[in-house]
Amino acid sequence: MSAIQTTVVLAMTADGKISAVDLKAPREPDVVDQAHLEYQASLADLILVGAGTIRAEGKTFTICDPELLAAREVRGQSPQPITCVVSGSLDLSPDLPFLSQDIERWIFTTRAALQRSSDTTTLQKLAELIDLGDTDLDWDRGYSLMAERGVHKVVALGGGSLTAALVQAGRIDDWWLTIWPVIYGGKQAPSPVEGEGFVPNAAPHLQLIETRQVGSELFLHYRTVK
């Protein structure tokens, strides 16, 4: 295991949904949660985000607060964290706004996807494509590579498939969960951790180490019990 600390930062409704069934449905901006997210992201050397999330949102999260940018400079970090999109299939359009943002971009993918995708040559000009295995992503390889390149702090922003993969790989050290005071419902609405799931006696356990309340919104900080 590497010395890289990995924190999952996500927001979900009181009924455990990270999005409505209609992924493109507009939602009022949450100023408090955005400030919390920006602070947490500002600590990262690298942000991990799933391909589905980047396709839905178009862009990656960037730091704008002058104080947070100054703090990164003092710590010797680049102005913006590296953003690494995780896509086992390399199903990413070269026209995504993310691929023209002023940031360092990586894409974790597979050798099979690199050989199969018709956009590989174009994407190679827009981001660093890194294969983590023939057909499946090898997270040990990914974390070794990040450590070799000086990454110490990773912030993972979901979605559910990426979070499930990191849980399965035993890579998550702590969690920041924002609980929105709203109910989305919907059998098909995305949840924070997808994948195949865990039986109760094999499920990862968490220890609550910090809570904050702002109005009716809760911010819960958990440590993974290892």
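Two strands are said to pair if DSSP finds at least two bridges between them. In this predicted model, strand S4 (residues 105–109) and strand S5 (residues 128–131) run parallel and are joined by four bridges. They belong to an open sheet of nine strands, whose pairing is mixed.

- The nine strands follow the order S5-S4-S3-S2-S6-S1-S7-S9-S8.
- S5 and strand S8 (205–214) stand at the edges; each has a single partner strand, so one side of each is left without a neighbour in the sheet.
- From one strand to the next, the twist averages 20°.

**Parallel pairs**

- Strand S3 (residues 82–86) pairs with S4 in the parallel sense, over four bridges.
- Within that pair, Cys84 has Trp106 of S4 as its bridge partner.
- On the S5 side, the bridge partner of Ile107 is Leu129.
- Strand S1 (residues 5–13) runs parallel to strand S7 (residues 174–180), and seven bridges join the two.
- In this pair, Ala11 stands opposite Thr178 of S7.

**Antiparallel pairs**

- S7 and strand S9 (residues 217–225) run antiparallel and are joined by six bridges.
- Trp176 stands opposite His221 in S9.
- S8 and S9 also run antiparallel, with nine bridges between them.
- His205 has Val225 in S9 as its bridge partner.
- The hairpin of S8 and S9 has two residues between the strands, and Gly215 there takes a positive phi near 60°.

**Strand S4 and its two faces**

- In a regular strand the side chains alternate between the two faces of the sheet.
- In S4, Arg105, Ile107 and Thr109 are on one side, whereas Trp106 and Phe108 are on the other.

- Helix H7 (residues 160–168) lies across S1, S2, S3, S6 and S7, and runs at about 115° to S2.
- Helix H3 (residues 66–74) is capped at its N-terminal end by Asp65, which has a side-chain oxygen 2.7 Å from the backbone nitrogen of Glu67.
- Gly76 follows H3 and has a positive phi, near 80°.

**Nonpolar cores**

- In soluble globular proteins, nonpolar side chains tend to be buried together.
- The largest nonpolar core has 29 residues, of which Leu46, Leu48, Trp106, Phe108 and Met146 touch the most other members.
- Another core, of 16 residues, lies apart from it and includes Ala51, Leu90, Phe98 and Leu114.
- Beyond its neighbours within four places in sequence, Leu48 is in contact with residues including Cys84, Phe108, Tyr143, Val154 and Leu166.

**Thr6, a buried residue in S1**

- Thr6 has its place in strand S1.
- The relative accessibility of Thr6 is 0%; this is under the 20% cut-off, and Thr6 therefore counts as buried.
- Which side chain makes a polar contact with the side chain of Thr6? The side chain of Tyr143 does so, at 2.7 Å.
- A polar atom of the Thr6 side chain also lies 3.5 Å from the backbone oxygen of Arg171.
- Setting aside neighbours within four places in sequence, the contacts of Thr6 include Val154, Ile172 and Asp174.
- Thr6 and Leu166 are 160 residues apart in sequence, while their C-alpha atoms are 9.2 Å apart in space.

**Cysteines**

- Cys64 has a relative accessibility of 57%; because this is over 50%, Cys64 counts as exposed.
- Cys84, by contrast, is buried, with a relative accessible area of 0%.
- A disulfide is a covalent bond between the sulfur atoms of two cysteines.
- How many disulfides are counted in the model? The count comes to zero.

Conventions: Residues numbered from 1 in each chain as written. Predicted model: local features only at pLDDT ≥ 70, side-chain atom pairs only at ≥ 80, totals over all residues. Heavy atoms only, no water. Core = buried A, V, L, I, M, F, W, Y, C linked by side-chain atoms within 4.5 Å. Buried < 20%, exposed > 50% of the residue type's maximum accessible area, 1.4 Å probe, protein only. Contact = heavy atoms within 4.5 Å. Disulfide = S-S within 2.5 Å. Polar contact = N/O pair within 3.5 Å; in protein donor to acceptor, adjacent residues only side chain to side chain. Axes fitted to C-alpha atoms, helices over the stretch in contact; angles between N-to-C directions.
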